[in-house]
Amino acid sequence: MSFLRLSHHGGTQDVTGSCHQLHLGPAISVLVDCGLEQGDKVSSGSAFAPLGFDVSGIQALVVTHVHLDHVGRIPALLAAGYRGPILCSEPSAALLPLVLEDAYKLAFSADSAQVDRYLALLQRLIKPLPFEHWYQLVETETLTCSIRLQRAGHLLGSAYVECGIRSSDTSADTRIVFSGDLGARGNPILRDVLPPERADILVLESTYGDRLHADRSERQSRLASAIDHALLDRGTVLIPAFSLGRTQELLYELEDILHRKRLLSEDQGGRQGELLHSIDWSNLPIILDSPLAQRITQAYLNLHEFWNAEARQRLIAGRAPLGFRQLICVESHTDHQRVVNYLKSTKRPAIVIAGNGMCSGGRIVNYLKAMLGDTRHEVVFTGYQAKGTPGAVIQASEGAEGFVQIDLDGEMYDIRAKIITLEGYSAHADQEGLLQFAAGGLTVSQEIVLVHGEPRAKSRLAEKLRERYIEKNREIHVSIPG
């Protein structure tokens with residue numbers, strides 16, 4: 001096992017571009033993720049830029065989940081000649097073509113013939129694997145390598161990868177675990193992550209390695225309260241959200257709010273009943289204005305067997321958590337413009353979920369242009385806003401007094417709408433979640449390698465990991481690749 005080593009082709013300087021290569025021999029390796037680097041300094045065509053590493057000898061690409069920062073360089077991988085299997089969970093196998101088709105059209109070409117050829121190649125290479133089952137990936141005269149996918153709780157289909165490697169010169173196997181992105185506990189749709197039983201080397205994400213999340217238990221009530229205030233003003237609630245993951249969580253919670261409000265209005269009279277009736281939640285339109293989010297939401301519905309027990313029980317009870325009666329889906333750009341104009345010119349309350357999540361493009365921008373200047377409306381942020389994005393600028397105006405403006409597509413717009421940030425929607429494990437994964441019941445025997453995090457987050461997590469292992473009467477080597 002002397003040749004065994006890791007090399008990293010992204011995900012070491014910040015939280016994007018995850019791409020890790022496990023070398024099993026001089027000319028044989030496995031790639032875990034092939035993600036796109038994202039941010040202001042990255043060009044729009046980077047999905048097709050040269051990889052910077054040789055693809056010969058790569059036996060398989062293992063995908064932990066289908067966010068672009070983990071799969072966005074697959075087009076470049078294919079362009080470099082890779083034709084091996086793309087191994088992923090069964091839900092990821094259904095979601096990956098949707099995500100990469102949309103990215104291909106935006107970054108390269110919307111020509112239907114080119115898109116069809118690209119998707120046909122992608123479909124030939126995708127090999128779905130069931131969770132919790134070992135799959136033999138490599139077998140030579142001198143070594144074998146098997147992998148097992150376990151639920152990571154970050155996104156439907158997200159997995160961490162266990163690699164069991166055994167050479168002919170030893171009877172014991174070496175276990176290397178790649179965390180991918182780990183989810184926060186208590187996701188309304190997903191099953192919680194269960195840590196691995198053992199690991200010799202753990203490659204661990206560190207996105208929130210330096211902080212703890214706000215309590216998630218009250219987030220739905222805070223969302224309902226924010227909507228109540230906007231509806232009393234006869235305004236529109238604008239929720240910028242990415243198409244994959246966050247949108248489905250929001251729809252799930254909005255359906256539950258509508259369900260509870262309906263029961264409450266039926267059971268209670270008096271002043272509270274009058275107030276609920278005046279808001280008229282029963283006829284409140286929930287507008288999903290994102291064709292990609294609609295396709296992904298339908299895929300989530302088709303994959304309901306992978307939901308957690310509570311979410312599946314709602315389906316059994318006859319409820320429609322992601323496809324309820326009041327949900328209106330907007331497809332065409334023409335219909336999108338009509339909806340924007342209608343909501344701007346009337347006082348019909350509505351909730352709009354539109355992409356993208358940081359307001360840097362997509363259909364949400366047109367809603368913002370039309371409604372930011374009106375105090376009746378409300379912009380609700382449920383996700384992180386990267387520095388320099390329009391979303392960050394708008395979010396920073398929360399509670400500001402005086403005259404505030406924002407540049408959208410080269411024009412200045414007043415910000416008079418109410419701005420609210422709701423905590424508790426992070427899809428990533430926080431510091432304590434990462435510590436529970438890596439140092440709870442698990443004891444890593446050799447090394448923990450920290451990736452996918454900012455320098456401060458990795459440094460703080462490394463300190464905490466060493467402290468936890470001292471409490472276990474063990475020492476652990478924690479490395480941070482440059």
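The legends below describe close-up views of a predicted model.

Local features were taken at pLDDT of at least 70 and side-chain atom pairs only at pLDDT 80 or more, whereas totals for chains, interfaces and linings use all residues. Residues are numbered from 1 along each chain as its sequence is written, and side-chain values rest on heavy atoms, with hydrogens and water left out.

**View 1. The open sheet of 6 strands.**
The strands, which are DSSP runs of E with at least two residues, numbered from the N terminus, stand in the order β14-β13-β15-β12-β16-β19 with parallel pairing; two strands count as paired if DSSP finds at least two bridges between them. At the edges lie β14 (327-329) and β19 (418-421), each of which pairs on one side only. From one strand to the next the twist averages 20°, where axes are lines fitted to C-alpha atoms (for helices over the stretch in contact) and angles run from 0 to 180 degrees between N-to-C directions. Within this sheet, β12 (residues 236-240) is joined to β16 (residues 378-381) by 2 bridges, and L238 stands opposite V379 in β16.

**View 2. Helices packed on the sheet.**
Helices are DSSP runs of H or I with at least four residues, and contact means heavy atoms within 4.5 Å. Helix α5 (residues 219-232) touches β12, β15 (350-354), β16 and β19, and its direction makes about 170° with that of β16. Helix α10 (residues 333-345) lies across β12, β13 (286-289) and β15, and runs at about 140° to β13.

**View 3. Helix α3 against helix α8.**
The axes of α3 (residues 90-107) and α8 (residues 291-302) come within 10 Å and cross at roughly 175°. The two helices are therefore roughly antiparallel, a term used for angles over 145 degrees. From α3, the residues L95, L98 and D102 meet L292, R295, I296, A299 and Y300 of α8. By class this contact has 6 nonpolar, no polar and 2 charged residues, with Ala, Val, Leu, Ile, Met, Phe, Trp, Tyr, Cys and Pro counted as nonpolar, Asp, Glu, Lys and Arg as charged, and the others, Gly among them, as polar.

**View 4. Strand β20 and its partners β11 and β21.**
Over 6 bridges, β11 (residues 199-205) pairs in the parallel sense with β20 (residues 444-451), and I201 stands opposite E447 in β20. Strand β20 also pairs in the parallel sense with β21 (residues 477-479), over 3 bridges; here the bridge partner of V449 is S479.

**View 5. The second largest pocket.**
A pocket is an open set of points, on a 1 Å grid over the protein atoms alone, with protein on both sides within 12 Å along at least five of seven lines. The second largest pocket has a volume of about 320 Å³, a volume being the space filled by probe spheres set on the points, which are joined across faces, edges and corners. Of its 15 lining residues, those closest to the centre are G183, A184, R185, D430 and G433; lining residues have an atom within 4 Å of a point. The lining holds 7 nonpolar, 5 polar and 3 charged residues.

**View 6. Cavities.**
A cavity is a set of grid points where a 1.4 Å probe fits but cannot get out, and the count comes to 2 cavities of 30 Å³ or more. The largest cavity, of about 100 Å³, has F131, R151 and F306 among its lining residues, and its lining divides into 6 nonpolar, 3 polar and 2 charged residues. The second largest cavity has a volume of about 80 Å³, and of the 14 residues that line this cavity, S18, H20, S179, G180 and V451 are the closest to its centre.

Notes:
Angles under 35 degrees count as roughly parallel, over 145 as roughly antiparallel, 65 to 115 as roughly perpendicular and the rest as oblique.
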